Amino acid sequence: MSLLAQQLVLAILLGGVYVAVAIGFSLVWGILNIINLSHGAFIVVGAYITWTLFGRLGLDPFLSLPIDAAALFALGYLLQRGLINRVIRAPVFFTLLLTFGVNLAIVNLLLAVFTSDFRSVTPPYAGSGIVLGPVVIPSIRLAAFAIALLLAALLSLLMRRTRIGAAIQAVASDRDAAQLVGIDLRHTYALTYGIGAACAGVAGGLLSTVQAISPTAGEPYTLQAFVVVVLGGLGSVTATVVGGLLFGLIEVFGQSAPGLGAGYANAIAFAVLVIVLIVRPQGLLGR
Amino acid sequence: MSLTGSTSNEGNLSKQGYDMWLSWINDQGGITVGGVKHKVQIKYEDDQSKPDLSAQLMQKLITEEKAQFILGPYGSPATASDAVIAEKNQIPMVEANGAAQAIFNKGYKYTFGVLSPANKYLTGVIDMAATLSPKPTTIAMLSADDNFSVEVAQGVADYAATKGMKVAFDQKYPNGSTDVSSLVAQAKAANPDILMNSGHLAEAIAINKAAKDLGVNAKILAYSVGPSTPQFIKALGKDADYVYDGSQWTPQVKYTPAFYLGEADYVKAYKTMFKTQDDPDYHVAESTAACLALQKAIENAGSLDAQKVRDALAKLDVTTFFGQIKFDSRGLNIYKPMVVEQIQNGQHHTVFPQDVADTKPQYPTPPWAQR
């Protein structure tokens, strides 16, 4: 029973990580119709910024999150404006290829700068936790969970309550009409992509405290983001949150499924994905 | 050799090991064959950490560069694909970086590995545990699902029973898993004396973090791959203390080498040659050992003929700074023991077997709350 409670806690906290990983990916896919294969690489870049600031300046990993966000926003904005925008109206295949190329370029650049060594950020308070009887709530994971939800709430506010959000929504519904009413298309696209990258940067900063990172560690995150978005559905922040939490639950309980074992965790997760696709192709909360 | 790509770190260390020997042997004038000294050349190609490419490049080195003998690439997967090439061309390959027994169970006659095979990686920890008091009896094993890791885990399960211990919890996770916390929670529920991981550096770091997060107070924490690297200590800081691992070699071991350098001189030569303060790790040492095995076999054969050198390798029995090198009928070096290392106060120490150890194990590992 206590094991079940512990698993449930871990599953929900892991779900928070998935929300952070997927939220920027979901935005870029939903608004720009780009399946951003360099998303995982952005996450790793964010993780390396946090690691560098922690190692060189002793900056607390949670305090470096705004810096991750700002740096990745700039990177994302420039990449979209200078490169990806050139193929934005081309079939989706071209953006797939291009973002895949960007991914390779970033990964190899990171390998050259940081080598393939594994790194991790271990602040002094790592490992402390809230103990409730037999159940431990690790404080770093709890903080990461809270920040992931905060990030989701901020993004949701941005989309609903600000002029930038309104412009982004307008471009998503009809780009020609949006242009007619005076919205700068290229700027809005680049903003959206930049915000997506900024979310990835924050996710990377969070991940560096709970996992080991290396330049090639990004690919699983792209895949996880993809699954979360497909599960939850495109088009809303809430859908990504639901998808992320659900995927956390599936992963953790898949690892301890009676009679199967952790080797089947991925198989179970993807079986659920296939079932969702058959029953509700637009995702659980998709429009 | 994987000079770029995901295992470029290990690949470059292995290359350093080969180059150490190369510079030494050519300073001596080369390998003596029938009284004549032959200078040595090593030709490298970068396989970008891709096993298929490794095999292609190996064939190219044989046909275009007329390679007479092969030194292995980095990693079990690349070694497995290169073994096929060695066999097809009937050219002996001495390898130092592929420990999966699967490579040697195919009846190949031209592949020789100087390192201890995968199933021995963590059995040294069991041997050590059996000498400690209070004696630990239960083991929780978290293992990745690749060939090498599964062999390591199986080796522990088979061996533990003979020492009166049992594996109370055993789970495999998909290779490259990013989150292991729920597995660690399950392992904790089994309340093991020994928590083991048979996987890779990234997972070892994640498991150690999760063990602290969840308060898993095992008496021994031992991981197959990871703790022996300086990165493990850098990534975890003080939390890396008390962790054990099985290592092919450490700078502290004491063997009586028949030729080449002793351990201390080897470490000194390494630091001079590569202008570094770091000790050579076991990837470097085992790679140098592969060269030594090949050199000795060529000298023993008194010939550069591939067939004769192969036969000399099969009969080789020599002690080097790396330990004994002798191959069984499959080409595996099952005669050299793995040593057990423990991280104490941020430093690697060799703690077992006692005759090569530089200090005693700090046992039992104190609970996380009291560190």
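Two residues are in contact if their C-beta atoms, placed from the backbone, lie within 7 Å. The exercises below use this term for a predicted model.

**Exercise 1. The two chains**

Find how many residues of chain A are in contact with how many residues of chain B, and describe the side of chain A that touches chain B.

Solution.
Step 1. The contact joins 35 residues of chain A to 33 residues of chain B.
Step 2. Four elements of chain A supply at least two residues each to this side: helix H1 (2-32), strand S2 (135-138), helix H10 (237-255) and helix H11 (265-279).
Step 3. H1(A) gives the most, with 6 residues.
Step 4. Sorted by class, the residues of this side of chain A are 15 nonpolar, 16 polar and 4 charged.

**Exercise 2. Two helices of chain A**

Decide how helix H5 (residues 139-161) and helix H6 (residues 163-173) of chain A are oriented to each other, and name the residues that make their contact.

Solution.
Step 1. The packing angle of H5(A) and H6(A) is about 80°, and their axes are 5 Å apart.
Step 2. Angles of 65 to 115 degrees count as roughly perpendicular, so H5(A) is roughly perpendicular to H6(A).
Step 3. H5(A) contributes Leu158(A), Met159(A), Arg160(A) and Arg161(A) to the contact, while H6(A) contributes Ile164(A), Gly165(A), Ile168(A) and Gln169(A).
Step 4. By class, this contact has 4 nonpolar, 2 polar and 2 charged residues.

**Exercise 3. The overall form of chain B**

Compare the radius of gyration of chain B with what the globule rule gives for 371 residues.

Solution.
Step 1. Chain B contains 11 helices and 14 strands.
Step 2. Its radius of gyration is 21 Å, close to the 21 Å from the globule rule for 371 residues, so chain B is as compact as a globular protein of that length.
Step 3. Along the principal axes, the C-alpha atoms of chain B fill a box of roughly 65 × 40 × 35 Å.
Step 4. Among the contacts in chain B with a separation of 6 or more, 65% are between residues 24 or more positions apart.
Step 5. Of the 371 residues of chain B, 55% count as buried.

**Exercise 4. One glycine of chain B**

Locate Gly98(B) and decide whether Gly98(B) is buried or exposed.

Solution.
Step 1. Gly98(B) lies in the loop between strand S4 (93-95) and strand S5 (111-113) of chain B.
Step 2. A residue is buried if 20 or more other C-beta atoms lie within 10 Å of its own. Gly98(B) has 28 C-beta neighbours inside 10 Å, so Gly98(B) counts as buried.
Step 3. Beyond its neighbours within four places in sequence, Gly98(B) is in contact with several residues, including Gly72(B), Thr79(B), Ile103(B) and Gly113(B).
Step 4. Pro117(B) is 19 residues from Gly98(B) along the chain, and their C-alpha atoms are separated by 8.3 Å.

Definitions and conventions. Residues numbered from 1 in each chain as written. Chains lettered and ligands numbered in written order. Predicted model: local features only at pLDDT ≥ 70, side-chain atom pairs only at ≥ 80, totals over all residues. Axes fitted to C-alpha atoms, helices over the stretch in contact; angles between N-to-C directions. Parallel < 35°, antiparallel > 145°, perpendicular 65-115°, else oblique. Nonpolar A, V, L, I, M, F, W, Y, C, P; charged D, E, K, R; others polar. Buried ≥ 20, exposed ≤ 12 C-beta atoms within 10 Å, placed from the backbone. Rg over C-alpha atoms; globule rule 2.2 N^0.38 Å.
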